[in-house]
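Have the coordinates open as you read.

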Amino acid sequence: MRFCIEYDLGWLASWESLGEGKGNLDTGFIAAPDAIVKIDRINNHLVSLLQAIPQTGISYYTGAAWDQFGAIPSKEAWLHHIAQQVECIQNPCVITVKE
């Protein structure tokens with residue numbers, strides 16, 4: 001299993017081979033950078049410790065992709081996808097309707 005962790009941006013990604021001819025599984029995790037207390041590797045798994053903010057709670061996002069499905073064909077495409085999702089979360093589209 002291979003990992004990419006961007007603490008300052010609040011995300012991590014992993015990708016691992018599922019075996020000969022079975023493709024690769026990509027997983028990702030996004031949280032507010034200031035909420036991430038620690039990210040550790042335990043038994044070949046990534047574990048995150050987050051600090052919730054009283055009265056507001058905590059938000060985080062997870063996702064996965066399989067390269068043989070076609071939408072995310074490579075490790076580079078997965079890292080790009082995660083970075084785009086972080087950008088969207090940090091800069092949400094706000095629509096105001098006036099009557």
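## Charges and surface

Let's start with the charges: the protein carries 6 positive and 11 negative side chains, and the centres of these two sets sit 5 Å apart. Keep in mind that this is a predicted model.

## Fold and outline

The chain gives you six strands and one helix, and walking along the sequence you read them off as β-β-β-β-β-β-α. So where does that leave the overall outline? A compact globule of 99 residues would come out with a radius of gyration near 13 Å, while this protein has 16 Å. Along the principal axes, the C-alpha atoms fill a box of roughly 55 × 35 × 20 Å.

Buried residues account for 23% of the 99. Take the contacts between residues at least 6 apart in sequence, and 48% of them join residues at least 24 apart.

## The nonpolar cores

Which residues make up the largest nonpolar core? There are 11 of them: Cys-4, Trp-11, Ala-13, Trp-15, Ile-30, Ala-65, Ile-72, Trp-78, Leu-79, Ile-82 and Val-86. The elements that put in two or more residues are β2 (11-17) and α1 (75-90). Helix α1 gives the most, with four residues.

Trp-78 lies in helix α1. Is Trp-78 buried or exposed? Its relative accessible area is 3%, and because anything under 20% counts as buried, Trp-78 is buried. Leaving out neighbours within four places in sequence, Trp-78 is in contact with Ala-13, Ser-14, Asp-26, Thr-27, Gly-28, Gly-63, Ala-64, Ala-65 and Ile-72. Trp-15 is 63 residues away from Trp-78 along the chain, yet their C-alpha atoms are separated by 8.6 Å.

Asp-26 lies in strand β3 (residues 24-31) and is buried, with a relative accessible area of 2%. Not counting residues up to four places away in sequence, Asp-26 touches Ser-14, Trp-15, Gly-63, Ala-64, Ala-65, Ile-72 and Trp-78.

## Two loop residues

Now for the loops. Where is Gln-55 placed? Gln-55 belongs to the loop between β5 (45-50) and β6 (60-66). Gln-55 has a positive phi of about 70°, although it is not a glycine. At 80% relative accessibility, Gln-55 counts as exposed.

Asp-8 is found in the loop between β1 (2-6) and β2. Asp-8 is exposed, with a relative accessible area of 72%, whereas Asp-26 is buried at 2%. Asp-8 and Asp-34 are 26 residues apart in sequence, and in space they are 8.5 Å apart, C-alpha to C-alpha.

Definitions and conventions: Residues are numbered from 1 along each chain as its sequence is written. Side-chain values use heavy atoms; hydrogens and water are left out. The radius of gyration is taken over C-alpha atoms; the globule rule is 2.2 Å times the number of residues to the power 0.38. Buried means under 20% relative accessible area, exposed over 50%, partly exposed in between (1.4 Å probe, protein chains only). Contact means heavy atoms within 4.5 Å. Lys and Arg count as positive and Asp and Glu as negative; His and the chain ends are not counted. The place of a charge is taken as NZ of Lys, CZ of Arg, CG of Asp or CD of Glu. A nonpolar core is a set of buried Ala, Val, Leu, Ile, Met, Phe, Trp, Tyr and Cys residues joined through side-chain atoms within 4.5 Å.
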